[in-house]
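Thanks for coming, everyone. Please have the viewer open, and follow along as I go.

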Amino acid sequence: MFSIRPFEEGDNARLLDIEKLCPHGNEKYAMGMDKRDIIARYELYDNWNVLVAEEEGKVVGLIGWTVKRDPIQRETFIYLAEVMVHPEFRRKEIATKLVTEAEKNARETGSGHIYCYIFGPNDNSKALFGKLGYSNNGEFKTCAISAYKKANIAQKFEIERINKNDIPDVVSLINDYYTGRAHFVPYTPESFESYVKRIPAYGLENFWVVKDEGKVVACAGLWDWSVLGDMCYTKEPLIWKVMRGVFGFLSLFFGKMPKIPTEGEYFKGYYVTDHAFEPKNSYAMSNLIGYFNNIVFDAKRDFFAAQLDPNDALFEIIKKIKPQIDACYVFAKAFEGELPELSPHYIDIRDCIP
Ligand SMILES: CC(C)(COP(=O)(O)OP(=O)(O)OC[C@H]1O[C@@H](n2cnc3c(N)ncnc32)[C@H](O)[C@@H]1OP(=O)(O)O)[C@@H](O)C(=O)NCCC(=O)NCCS
């Protein structure tokens, strides 16, 4: 018989081992993580909670969530960050019990709904949340770009790190870009600065603006989230293996080709965050993506990625550089009444740690 209790510091090592046994996906396509600390991702938020499941004194599973508040809409809602169960203890309703406990706790915060993100091939997770009354309320695309060669940057633009004086312009660009998307809480200059600074390896020093004749026309952050862990594909689609062979062959004649990691090969990731631009300035944004490519290339890293609503204007720009595109689904459930419209959706980059 298993029991549920709050996470304790001493659970960390065991849970890190369990996480390595819990890739997200199916037998053909799955990804895994190697983290340094199970709790580090939660410390990016003000309000979070982690419970563990224990069977005969042994930790066998975990669930974690954060409570988010939108002071403008006066709404509270829950992001269910992860649930995992050791493979030897599955199909015993441990995940069901963990989710039920999390929901009970979440209801006590007065939250109206709960949502989570499910990696496209993660059939077990879709089945679990489907059974628990969650429905698919949207999707976003993970667009991963291999920085295998330098991009040309148009001379016309100045691309520079944000300085304090740019913050009000950046905040108004971001607020205009995301207005109307579910879960977006407009920034103030102060809240933007504190959000960015709160995230390790992000901060204003990793936030960039593109200026045209001195005016900010595009902006985005580049967050090296490998401070929290490394990622790998534990199972790869056959087409990747074929493509790796093809690229290997072509590289003999044409030099460097996009990298495709091998199964089980850990790599470090960067995320493009809080990007914004006006439609007429899409060329400026595409130059900023090229600039990020060059930062990643110079850092001798292989990849960076953007998490994009399919209707996000950046999706059209990034598609042109042929990223690897995966789908992630937004599963959600209302605690009372109707679920609000969750698409289009603002993606809080802290929520995207696998
Ligand atoms: C998804 C996961 C948490 C399920 O844990 P679990 O303790 O085995 O789940 P439960 O026993 O509570 O299953 C509840 C229901 O979910 C569905 N489900 C769970 N695992 C399933 C599987 N392997 N195949 C099909 N349905 C499955 C079933 O409907 C099941 O009910 P049933 O057993 O009566 O058919 C576990 O497989 C896991 O840790 N996976 C890896 C990590 C992960 O993907 N986490 C989710 C990230 S969003």
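Start with the open sheet of twelve strands. Its order is E1-E4-E5-E6-E7-E15-E8-E14-E13-E11-E10-E9, and the pairing is mixed. This is a predicted model, where local features need pLDDT of at least 70, side-chain atom pairs count only at pLDDT 80 or more, and totals for chains, interfaces and linings use all residues. Residues are numbered from 1 along each chain as its sequence is written.

Some terms before we go on. Helices (H or I, at least four residues) and strands (E, at least two) are DSSP runs, numbered from the N terminus. Two strands pair if DSSP finds at least two bridges between them. In general, strands of a sheet pair through backbone hydrogen bonds, either parallel or antiparallel.

Which strands sit at the edges? Strand E1 (2-6) and strand E9 (158-161) are the edge strands, each pairing on one side only. On average, neighbouring strands of this sheet are turned by 25 degrees against each other, direction ignored. For angles, axes are lines fitted to C-alpha atoms, for helices over the stretch in contact, and values run from 0 to 180 degrees between N-to-C directions.

Now two helices on that sheet. Helix H2 (residues 94-108) packs on it, touching E1, E4, E5, strand E6 (75-85) and strand E7 (113-119). The direction of H2 makes about 30 degrees with that of E5. Helix H7 (residues 282-298) also packs on the sheet. H7 touches strand E8 (135-146), E9, strand E10 (207-212), strand E11 (215-224), strand E13 (270-277) and strand E14 (303-308). The direction of H7 makes about 30 degrees with that of E11. Contact here means C-beta atoms, placed from the backbone, within 7 Å.

Next, some strand pairs. E4 (residues 48-55) and E5 (residues 58-70) run antiparallel, joined by eight bridges. In that pair, asparagine 49 stands opposite tryptophan 65 in E5. Go to the E9 end. E9 and E10 pair in the antiparallel sense over four bridges. Glutamate 158 has lysine 211 in E10 as its bridge partner. E10 and E11 are antiparallel too, over six bridges. Valine 209 faces cysteine 219 in E11. E10 and E11 form a hairpin with two residues between them. In the turn, glutamate 213 has a positive phi of about 50 degrees.

There is also an open sheet of three strands, in the order E2-E3-E12, with antiparallel pairing. Its edge strands are strand E2 (24-25) and strand E12 (229-235). Six bridges join E3 to E12. Methionine 33 stands opposite methionine 231 in E12.

On to domains. The chain is divided into domain 1 (2-140 + 328-352) and domain 2 (144-229 + 260-326). Those bounds come from an automatic or database domain assignment. The two C-alpha centres lie 26 Å apart. How many residues meet across the boundary? 25 residues of domain 1 are in contact with 21 residues of domain 2. On the domain 1 side, strand E3 (30-35) and E8 are the elements that give two or more residues. E3 gives the most, with three. That side has 13 nonpolar, three polar and nine charged residues. The classes: Ala, Val, Leu, Ile, Met, Phe, Trp, Tyr, Cys and Pro count as nonpolar, Asp, Glu, Lys and Arg as charged, and the others, Gly among them, as polar.

Now the ligand. Of the 21 residues around it, Arg90, Ala95, Thr96, Ala127 and Leu128 come nearest. Being near requires a C-beta atom, placed from the backbone, within 6 Å. E6, H2, E7 and helix H3 (123-131) are the elements giving two or more residues to this shell. H3 gives the most, with five residues. By class, the shell has ten nonpolar, five polar and six charged residues.

Last, backbone geometry. The peptide bond from serine 343 to proline 344 is cis, with omega near 0 degrees. Proline 344 is in the segment after strand E15 (324-334).

Two residues have positive phi without being glycine. Histidine 183 has about 70 degrees, in the loop between helix H4 (167-178) and helix H5 (189-198). Lysine 300 has about 60 degrees, in the loop between H7 and E14. Which is buried or exposed? A residue is buried if 20 or more other C-beta atoms lie within 10 Å of its own, exposed if 12 or fewer, and partly exposed in between, with C-beta atoms placed from the backbone. Histidine 183 counts 20, so it is buried. Lysine 300 counts 7, so it is exposed.
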